[in-house]
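Biologist: I am new to this structure and would like to learn how to read it feature by feature. Could we begin with what the words mean, and then turn to the case itself?

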Amino acid sequence: MNMFDMARNNFRNKNAPLADRMRPKTIDEFIGQKHILKKDKLLYRAIKADKITSLIFYGPPGSGKTTLANIIANTTKSNFKKINAVTSGISDIKKIVAEAKDTLSMYGKRTILFIDEIHRFNKSQQDALLPYVEDGTVILIGATTENPYFEVIKPLISRSMIFELFPLNNEDIKEILLNAITDKKRGLGNENIRITEEALNHIINNADGDARAALNAIELACLTTSPDKNGIIYIDLNVAQESIQKKALKYDKNSDNHYDTVSAFIKSMRGSDPDAVLYWLAKMIYAGEDPKFIARRIVICATEDVGNADPNALILAVSAFNAINFIGMPEGRIILAQAAIYVACAPKSNSTIKGIDMALEDVKSLRTGTVPKHLQDSHYEGAKKLDRGIEYKYAHNYKNHYVIQQYLPDELIGRKYYSPSFLGYEKKMKEWLENLKK
């Protein structure tokens, strides 16, 4: 390292954002992710022993993916290279591979290649990397906020260990913030900071498991608050609220987090839990989800999971969808909530979907049934000569407007598709059908 590099590093260490300065340097300094980093866990032992194989770190922003890669860079004896998939391409991969081959042949040193935001590489870029991961020229470490099983090609997935990182819990965020406030070498320890419990909790809660967001907020609060006459920087709730105003939800509409939230919303309606339904609905509204998308999900649940156990559920859900179109938001949140709560609290039956799916499967896989003669259309000249509609029994001419006759094709006589449940209105339908056939 020359004098210019040293000067550059010194300047960076003093002026870099707090979140960057406070990055752990060793695996023992790392806070959180105990499910993969306890001392008896595979990843911890692999980092300590410098026995890293290809890895993919998957998790939300601020959970420690890049930090783990930097820790590996600081502790490994291997050659460590780092690129970002947003700004790099196949030419960068080829350059690193050529250097890796030279390093391996000349010095017997492996090369670890860290690719941040690896999901940004397209298929051809990932394909270009594959042969060198496969033959051990490079050891891949990828970091992604997207589900790697969707965004990374299968051959790379099969040659890598996937470690999922989760949002840090409140205790972890609190420990990170307190360390930053007291650390005199890398943090804010040289400032005389006093932070109220309310302010600290506000930052922790609104950081939503993102250590970077929490550290940025505490740094902004410190930089924008003047010391009092005693040199003390007081950070109260008002200051904290200004420093981290709105929680940034992890809710990219093209990501699996979006689909996970929608899935939880639907399953909560199906599971008759209105409290959970309102929570997931609120999350989608807060994140800016299209209210018509939400309304469509409610309509689907009303027919798929409630069905004829409460026919009014579909009527209300469709009404909610139509109302959203001319009411809009924010008032639309009440319409969505009303419909979702009704569907959640309604008796449940999936008899309709089971019945139509069974019938579709028979249409698809069995011999196509012929319409019985007596059910065929007879409203044209010559129909009688072809025996169309002969001996058809008009139901309204009989007691209870019901008469026994064959309606299924000969090939499917006896098949049963619709089995009403014992819940809600469907119970009455079941009883009515049974009484008719006595």
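Modeller: Let us start with burial: a residue is buried when its relative accessible area is under 20%, exposed when it is over 50%, and partly exposed in between, with a 1.4 Å probe and protein chains only. Helices (H or I, at least four residues) and strands (E, at least two) are DSSP runs, numbered from the N terminus. This is a predicted model, in which local features need pLDDT of at least 70 and side-chain atom pairs count only at pLDDT 80 or more, while totals for chains, interfaces and linings use all residues. Residues are numbered from 1 along each chain as its sequence is written, and side-chain values use heavy atoms, leaving out hydrogens and water.

Biologist: Which residues of H5 are buried?

Modeller: Helix H5 (residues 65–75) is mostly covered, with 8 of its 11 residues buried; they are Lys65, Thr66, Thr67, Leu68, Ala69, Asn70, Ile71 and Ile72. Contact means heavy atoms within 4.5 Å, and what covers these buried residues includes helix H3 (34–37), helix H4 (42–49), strand E1 (55–58), E2, E3 and E4.

Biologist: How should I read the sheet, and what is its strand order?

Modeller: Two strands pair if DSSP finds at least two bridges between them. Here an open sheet of 5 strands has the order E2-E3-E4-E1-E5, with parallel pairing. Its edge strands, each pairing on one side only, are E2 (79–84) and E5 (161–164).

Biologist: How many bridges join E3 to E4?

Modeller: Strand E3 (residues 111–116) and strand E4 (residues 138–144) run parallel and are joined by 6 bridges, and Thr111 stands opposite Val138 in E4.

Biologist: Which strands does helix H6 lie across?

Modeller: For directions, axes are lines fitted to C-alpha atoms, for helices over the stretch in contact, and angles run from 0 to 180 degrees between N-to-C directions. Helix H6 (residues 90–107) lies across E2, E3 and E4, and runs at about 175° to E2. Helix H7 (residues 123–134) also packs on the sheet, where it touches E3 and E4, and its direction makes about 135° with that of E4.

Biologist: Is Thr103 buried or exposed?

Modeller: Thr103, which lies in helix H6, counts as buried because its relative accessibility is 14%. Leaving aside neighbours within four places in sequence, Thr103 is in contact with Asn79, Gly108, Lys109 and Thr111. A polar atom of the Thr103 side chain also lies 2.8 Å from the backbone oxygen of Glu99.

Notes
A polar contact is a pair of N or O atoms within 3.5 Å; within protein, one must be able to donate a hydrogen and the other to accept it, and residues adjacent in sequence count only if both atoms are side-chain atoms.
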